[in-house]
Amino acid sequence: MGQDKGYLLDNRQVEAGTRFGAPAALFDASTFRHFETVGIDEGWRCWEVGAGGPGVAAWLREHVGPRGRVLATDIDVSWAQTAATGGVEVVRHDVGCDAPPAGPFDLVHARLVLVHVAERDAALRTMVQALRPGGWLLVEDADPALQPLICPDEHGREQQLANRLRTGFRRLLRQRGADLSYGRRLPRLLREAGLADVEADAYFPITSPACDVLETATVQQVRDELVTGGLATEEEIEQHLANIAAGRLDLATSPMISAWGRRPVGDGSQPWSRGRLVFSGRA
């Protein structure tokens, strides 16, 4: 999300496909476990926000059955478009700026989205108001400030180089408006938005082949910005990529904070509106 606002990890770059595949390998099992925790059922209407690739939308489609509906949105739907089969609709949508899609929804989910959205408060309000009474919101976002090292076991020069490049990458993210401590605030933000039964947990791999794939794709995607920003040299980047390829690094991810809550039944709030567009769903 956010490439129109200067999103650092532009979905139009060739590495984007790899960057969708690696997080799927790392986080899908955790995400699907949370879906099962909220009790996804046949016939549900689900909104997948900032879908990126097709994997999550396809899983939801399988579990809501033929009577259900899955809406997958993103500001660039080129990678999610392959999920557009029976029961899955793929639509271009900017959750931070656009009016919400027609609902209401039984489940709204966003993973690794709001941390990058400058209008993240408005986006969260939009997702909450798109829920039916009793519907569930699941938001999952990284918190790089909570665990800033990509090599927590910094025992040598290779690990020190990896962590220095990660520091440069975080600086680039902040310059583009990313909130690197957003994940930890999710439980409070969901309660303040009026949701009930709020819970949260955190998950992050310490080492995995998918972590290596993700780091390689990320560094390749931002290498020009790292060099022009004086944050790394071409030689350092090549050395880091070689270290990854040699399998000598235990690369971690930032903690993924998953927070979920339910819109109370009998919520008497007024339909959400912005300008001349009004969202008014039926329970």
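The crossing of helix 4 and helix 6 is left-handed, meaning that the near helix is turned anticlockwise from the far one by less than a right angle, whereas clockwise would be right-handed. This is a predicted model, in which local features need pLDDT of at least 70, side-chain atom pairs count only at pLDDT 80 or more, and totals for chains, interfaces and linings use all residues. Residues are numbered from 1 along each chain as its sequence is written, and side-chain values use heavy atoms, with hydrogens and water left out.

**Helix 4 with helix 6**
- Helix 4 (residues 157–175) and helix 6 pack at about 65°, their axes 11 Å apart, where axes are lines fitted to C-alpha atoms over the stretch in contact and angles run from 0 to 180 degrees between N-to-C directions.
- Leu-165, Arg-166, Gly-168, Phe-169 and Leu-172 of helix 4 make the contact with Glu-215, Thr-218, Val-222, Glu-225 and Leu-226 of helix 6, contact meaning heavy atoms within 4.5 Å.

**Helix 6 with helix 7**
- The axes of helix 6 (residues 209–228) and helix 7 (residues 234–245) come within 11 Å and cross at roughly 175°, and the two helices are therefore roughly antiparallel, a term for angles over 145 degrees.
- Residues of helix 6 including Asp-212, Val-219 and Arg-223 meet residues of helix 7 including Glu-234, Ile-237 and Leu-241.

**Burial of helix 3**
- Helix 3 (residues 120–129) is largely enclosed by the rest of the structure, because eight of its 10 residues are buried, that is, under 20% relative accessible area with a 1.4 Å probe and protein chains only.
- Among these buried residues are Arg-120, Leu-124, Met-127 and Gln-129.

Notes. Buried < 20%, exposed > 50% of the residue type's maximum accessible area, 1.4 Å probe, protein only. Helix = DSSP H or I, 4+ residues; strand = E, 2+ residues; numbered from the N terminus. Parallel < 35°, antiparallel > 145°, perpendicular 65-115°, else oblique.
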